[in-house]
Amino acid sequence: MPAIACTAKASYKKQLGTLELTDTHLQWTQDGKKVPSVKIPLQDAASLFCSKEGAPQVRLKLGLVNDDAGHNFTFSSEPQTVALTERETFKSELTNVISRNRSGASAAPPPPSVATPKAPMTASTSLSPSKPSTPVTVPASRASVSRATSVASDGRAPIIPGADAASDFRLRKKVLMSNPELLALHKDLVMTGQITESEFWEGREHLLLAQAAAEAQKRGRPGQLVDPRPQTVEGGEVKIVITPQLVHDIFEEYPVVAKAYSENVPSKLSEAEFWKRYFQSKLFNAHRASIRSSATQHVVKDDPIFDKYLEKDDDGLEPKRPREEVADLYISLGATLEDHAETGNEKDITMRAGRQRGVLPLIRKFNDHSERLLNSTLGENPSLKRRRVEGDGQDNFSQIELEDLRDPESSIGIFLEMQDRQRYFEGQLMRGVAAEQVPAQPVDISVAHVDFRRELEGWDARFNQLRLERKAADAALLSMTQNVTARLDTKTKKNGLPAALFRQLTTCQTAANEFLRQFWGAMCPPPVDTPFAPSLAQRSAKAAKMASYLAGTREKVDALVRVAQVEGADGTRVEVAMKPVLEAVERALAFYRAKNPSKATQHKVA
């Protein structure tokens, strides 16, 4: 019996029990039971977290290999000082265990097992978000044992060339957490030691690259104009929630507010009073993205501080802030102002600003915001090109030539291969000749008009008598309903197999497909030569290992057939379901035996 290093009263998933630490396991036994409900091998310990001092509950969280959720325990001894002492004892012991695990992380992975894998029992209970946990400092980095083992398992890592082990592990973890099916396959094959971590990710590098690209993509500036909307709360009061991001956006969008803040806070106003008076001032209403804000200014009270920062409305024919003019007259849309002097140069109605002076400030506000948005994305504006007058050797036409105005290059299309092409064109020609030979009948317009009027007489009465049969519509709706029902039945039913047996069938098929992928990847590698590409000897060893796994597929299927018969299900359904997998396995083994005649007797489907 293993020696117990320390013990304490602790609850797990709101169940009271006893937590014990032995020289081999960390185990928890519920009160009233003799067999431990949770038993964790110490070599699986990867990380440790504790609740902060002064927290209402004394908690300890142990993260496991490839399972950061781990297990959460709450020490329940009274008074709380006793629980803290017990927690510190466990923390000290487990810290030493994790340090030993990380120092021996380069140990070889366990030998693969041919038996049908079973997913290990895991339990996850996250700490309350209102009580943040504090990580325990350990001598080594927080990289788990699985990361170090997977990196050193076959001497080729990380999966993405040029990435460090920590970021590579983080990408793999995120890909697995976002894909439950891939995570289940990883637990069935990698966690049981049947294949290594790097073998599992061979051929799936695109998933890691896509995840890395998604994380590297920077979020741009939002295109919405800064316009805080007041909220009405109980009692009729108006409230605006101020966040650091909102303050940053207001200062960036309206520099005059930033100027007012720097000149008045905290010398004249506190920060809370500054924002309260700003949102009640005419300056705020002038900044709002609504044409009604100008009308609101007449009912807002004067403010001696913010009113001096008010600016006159930009409602003139020309904007206050002059825009940079295009120096090249070849593409200047305003260059035609000097044309047609004899007939007048008055602008078109669509080009006359100020017809509604009230909308000009709002339009220019939107234009300024759009310009700032583009500048934040494209960076600093490039300097305007100077018009070259002479000596540049540049053709004047190239200055006004725009790519969008070019005619698309004509394409000859795709040749259509036809059999008996001559007969096809002869048939078209004969039909055209026959149509020309038929004499056209002259049409009397007056007679046609009279017939048309006679056919339309009484159309309203006939239209009211029109009754559409519902049989066709009902038949179409019934057919669609039956189709949807059949699709749902196909997805939900298990073909008369028990749920546990169906899961075993799925696991066996998924594992066999992965072994086939690994086998064909080793036998017929893609034509990509990278520094991390396996050598010929490594591919041969991998193919031999995968062939040995595939050779046991028939035995696993026979075992599932016997399980189906014991549970009262039809064993032939299992054979029919697994027949495509067995055929693929037999073809792979036949290919391997043809390539390696000396090992032909070692890899045969039973």
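**Entry 1**

I started at Lys 14, which is exposed, with a relative accessible area of 83%. For the record, I take buried as under 20% relative accessible area, exposed as over 50%, and partly exposed as in between, with a 1.4 Å probe and protein chains only. The model is a predicted one, in which local features need pLDDT of at least 70 and side-chain atom pairs count only at pLDDT 80 or more, while totals for chains, interfaces and linings use all residues. Residues are numbered from 1 along each chain as its sequence is written, and side-chain values use heavy atoms, with hydrogens and water left out.

I placed Lys 14 in the loop between strand 1 and strand 2. Helices (H or I, at least four residues) and strands (E, at least two) are DSSP runs, numbered from the N terminus. Phi of Lys 14 is near 65°, positive in a residue other than glycine. I then checked Lys 13, which lies in the loop between strand 1 and strand 2. Its phi is near 55°, a positive value, and Lys 13 is not glycine either. Lys 13 counts as partly exposed, at 48% relative accessibility. The hairpin of strand 1 and strand 2 has 2 residues between the strands.

**Entry 1: strand 2 and its partners**

Next I looked up the pairing; two strands pair if DSSP finds at least two bridges between them. On to strand 3 (residues 25–30): strand 2 pairs with it over 5 bridges, in the antiparallel sense. Leu 21 stands opposite Leu 26 in strand 3. Strand 2 and strand 3 also form a hairpin, with 2 residues between them.

Why do I call strand 2 largely enclosed by the rest of the structure? Because 6 of the 8 residues of strand 2 (residues 15–22) are buried.

I picked out Gln 27 in strand 3. Gln 27 is buried, at a relative accessible area of 13%. I listed its contacts (heavy atoms within 4.5 Å). Leaving aside neighbours within four places in sequence, Gln 27 is in contact with Thr 18, Leu 19, Glu 20, Thr 22, Pro 36, Val 38 and Lys 39.

**Entry 2: cis peptide bonds**

I looked at omega next. The bond from Glu 78 to Pro 79 is cis, with omega near -5°. Pro 79 sits in the loop between strand 7 (67–75) and helix 1 (80–103). Val 265 and Pro 266 are also joined by a cis peptide bond, with omega about 0°. I found Pro 266 in the loop between helix 8 and helix 9 (271–278).

The axes of helix 7 (residues 244–253) and helix 8 (residues 255–264) come within 5 Å and cross at roughly 110°. That makes helix 7 roughly perpendicular to helix 8. Angles under 35 degrees count as roughly parallel, over 145 as roughly antiparallel, 65 to 115 as roughly perpendicular and the rest as oblique. Ile 250, Phe 251, Glu 252 and Glu 253 of helix 7 meet Pro 255, Val 257, Ala 258 and Tyr 261 of helix 8. By class, I noted 6 nonpolar, no polar and 2 charged residues in the contact of helix 7 with helix 8. In these classes, Ala, Val, Leu, Ile, Met, Phe, Trp, Tyr, Cys and Pro count as nonpolar, Asp, Glu, Lys and Arg as charged, and the others, Gly among them, as polar.

Helix 3 and helix 4 have axes that come within 5 Å and cross at roughly 115°. Helix 3 is therefore roughly perpendicular to helix 4. Val 175, Leu 176, Met 177 and Ser 178 of helix 3 make the contact with Pro 180, Leu 182, Leu 183 and His 186 of helix 4.

**Entry 3: nonpolar cores**

A nonpolar core is a set of buried Ala, Val, Leu, Ile, Met, Phe, Trp, Tyr and Cys residues joined through side-chain atoms within 4.5 Å. The largest has 41 residues, and those with the most contacts inside it include Ile 195, Phe 515 and Leu 550. Helix 18 (499–523) is one of the elements that give two or more residues to this core. Helix 18 gives the most, with 9 residues.

Terms used. Axes are lines fitted to C-alpha atoms, for helices over the stretch in contact, and angles run from 0 to 180 degrees between N-to-C directions.
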